[in-house]
Amino acid sequence: MSQPPEPAVAASAGVFTPLREGVFRNMWISNTISNTGSLIQSVAAAWVMASISTADYVALVQTATFLPMALFALPAGAVADIWDRRKVQMLFFAFSLLASILMTLVAVADLLTPWVLLGLCFLVGSGNALAAPARGASVAEQVPKELLAPAVALNNISYNLARSVGPAVGGLIVATFGATIAFAANAASYIPMLESLRRWNREAEVSRLPPEGLMRSISAGLRYVANMRPVRRAIMRGFLLALIGASLQALMPLVARDMLGGDASVFGLLLGAYGVGAVSGIFVLERMRNAYGNEKTIKICCVVAAATLGVLSVSENLIIDLVTLLVAGMAWMVMITCISIMVQLFVPRWVMGRAIATSTASTTLGISVGAWLWGHLAEVHGLSLAFQISAVFMLASLVLGRFLPVADRTSSTESDDRVFDDPEVKLGITGRSGPIGIELQYRIAADKARDFYNLMREMQQVRSRSGAYQWSLSRNLADPELWSESYRLPTWNDYLRQRTRRTLDDLVLLKKAHEMHIGIEPIRVLRWLDRPSGSVRWQDDAPDRGDETLKMQD
């Protein structure tokens, strides 16, 4: 990887500057090819379903494709943060390759039924879902930190670029050669991605602490998101917007078949127009973010998306629909990418995979549930009414900015890379010993009490998102200048991990607390082993481990 650019260069970096990085460029091209194959399969699956079943089942194709992302994103994000992200991607993309080959063989044998097709879409989607967080988190390892925002936008554009070509190609393949060839093309599209991953010489991260268990890692990721307000709000906003807007893509096969009277090639053209619009969005994304900020940009896109839904509800003209979908694609790309960029800029590298997974799970859950809801509504009340109701709800979503605003940030969150010496420990414990209680004693001037209290409320969020629980703040009755901050962590290893997870933003708060301390002595830090039954002897002839040194796990 090349050296990071100088600040002046980073500031003037263009939309496509990250493609100068060789590893990122190879992965981006391979990812685009893989995405194209997935969309060729989606067109084939949707059209096959439309020919053998009803509107409910057509919408369920999208549900089956995206539901694995909602179900598996969180464990996949934990896996991406625990193990080698390159190997994780190779494993799960290989799984998708095998599932795609199975789909092709089933189609050759003419054994496709609605539920078999849905099950196979679910299998292929599962491999992609399990690889996605590792792919997203790898972007930060493949470009300098100054280029992270445009790299994230390009990563999103990869899918939309594929969407501008894949559906049209897929529709043409299905109309000319049949769905079986389209399924085979998807299987072949995974080969470049696997080869690019094989050639990536990733630098492994070495930690002296053992990796977190899967469930504890998932819990840590959810805890971080829950205690990082801007990220939490953005993820909730993304879920609601996806739920409302899922009608557009889920019902597009019915637009092609029922409103336009077309075949698979027309469906491919509609999806292609949507993809071209999404790709075009990258040229206005940064301009809109710089001019209006994330929140106003998202609101503008909501109004535009509502207008496109209204047009589609009444149009029976292919040209009008193609132009409308161009605009809709641009609006949706800008909207979702604003949220995606914001999430990645607000979280540090150690939890990046889990944060991306949480955001992805939320969005895809909204799409999956929304696709079923809008499909059912279209089946019962008609396609036009379903689009019109979706448009009304999209306009109503403007009020969400009042409760779930999407914040702005221009730079990525950097970790405090200082290496701290292990605390002095004379009690015989292991890395699994715990719970561990931490107490910090401050001496604060009386006239600074309110300021210190407000600062500690922010500190509570910092402690909580890095693993602490039962946080509390106390003030001494006999000595009002004496304050005590206390919290607990499950094990000694969790405490040592917490010390390595500080960000530079956290460090600013810590420095403010230290500056407010007026004592002659430094801030006193006390570390306690709760319920220390294992450290004392139960019989006279049993050894007392209280005088042993710390026994750490390798």
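Colleague: Is Arg237 buried or exposed?

Modeller: Arg237 counts as buried, because its relative accessibility is 0%. Buried means under 20% relative accessible area, exposed over 50%, and partly exposed in between, with a 1.4 Å probe and protein chains only. Keep in mind that this is a predicted model: local features need pLDDT of at least 70, side-chain atom pairs count only at pLDDT 80 or more, and totals for chains, interfaces and linings use all residues. Residues are numbered from 1 along each chain as its sequence is written, and side-chain values use heavy atoms, with hydrogens and water left out.

Colleague: Which residue forms a salt bridge with Arg237?

Modeller: Glu295 does, and the closest N and O atoms are 2.9 Å apart. A salt bridge here is a side-chain nitrogen of Lys or Arg within 4 Å of a carboxyl oxygen of Asp or Glu. This pair links distant parts of the chain, with Glu295 in helix α13 (residues 282-314) and Arg237 in helix α9 (residues 229-245), 58 residues apart. Helices (H or I, at least four residues) and strands (E, at least two) are DSSP runs, numbered from the N terminus. Glu295 counts as buried too, at 14% relative accessibility.

Colleague: How many salt bridges are there?

Modeller: The count comes to 16 salt bridges. One of them joins Asp494 and Arg216, at 3.0 Å from N to O. Asp494 lies in helix α19 (residues 492-500) and Arg216 in helix α8, so this pair ties together parts 278 residues apart in sequence.

Colleague: And what about cover for those two, buried or exposed?

Modeller: Asp494 is buried, with a relative accessible area of 8%. Arg216 counts as partly exposed, at 40%.

Colleague: Which residue does Arg488 pair with?

Modeller: Arg488 forms a salt bridge with Asp530, and their closest N and O atoms are 2.5 Å apart. Arg488 lies in strand β3 and Asp530 in the segment after β4 (524-529), so parts 42 residues apart in sequence are tied together. Arg488 counts as partly exposed at 28% relative accessibility, while Asp530 counts as buried at 17%. There is also a network: salt bridges that share partners join Asp81, Arg85, Glu141 and Arg354.

Colleague: Changing topic. How many aromatic pairs does the structure hold?

Modeller: It holds seven aromatic pairs. Rings of Phe, Tyr and Trp (its six-membered ring) pair if their centres lie within 6.5 Å; planes under 30 degrees apart count as stacked, over 60 as edge-to-face and the rest as tilted. Tyr224 and Trp350 have ring centres 5.5 Å apart and planes at 90 degrees, so they are edge-to-face. Tyr224 is in helix α8 (residues 214-226) and Trp350 in the loop between α14 and α15 (352-381), 126 residues apart. Both Tyr224 and Trp350 are buried.

Colleague: Which aromatic pair involves Trp483?

Modeller: Phe452 and Trp483 form an edge-to-face pair, at 5.2 Å centre to centre with 65 degrees between the planes. Phe452 lies in helix α18 (residues 449-465) and Trp483 in strand β3 (residues 482-489), so the pair ties together parts 31 residues apart in sequence. Phe452 and Trp483 are both buried. With Tyr442, they form one aromatic cluster.

Colleague: Which residue lies over the face of Tyr224?

Modeller: Arg465 does, at 5.9 Å from the ring centre. The rule is that NZ of Lys or CZ of Arg is within 6 Å of the ring centre and within 35 degrees of the ring normal.

Colleague: How many residues of helix α11 are buried?

Modeller: Helix α11 (residues 252-259) has six of its eight residues buried. They are Met252, Pro253, Leu254, Val255, Ala256 and Met259. After α11 comes Gly261, with a positive phi near 65 degrees.

Colleague: Last one, the whole chain. How many helices and strands?

Modeller: The chain has 20 helices and four strands. Of its 554 residues, 54% count as buried. The C-alpha atoms fill a box of roughly 85 × 55 × 50 Å, taken along the principal axes.
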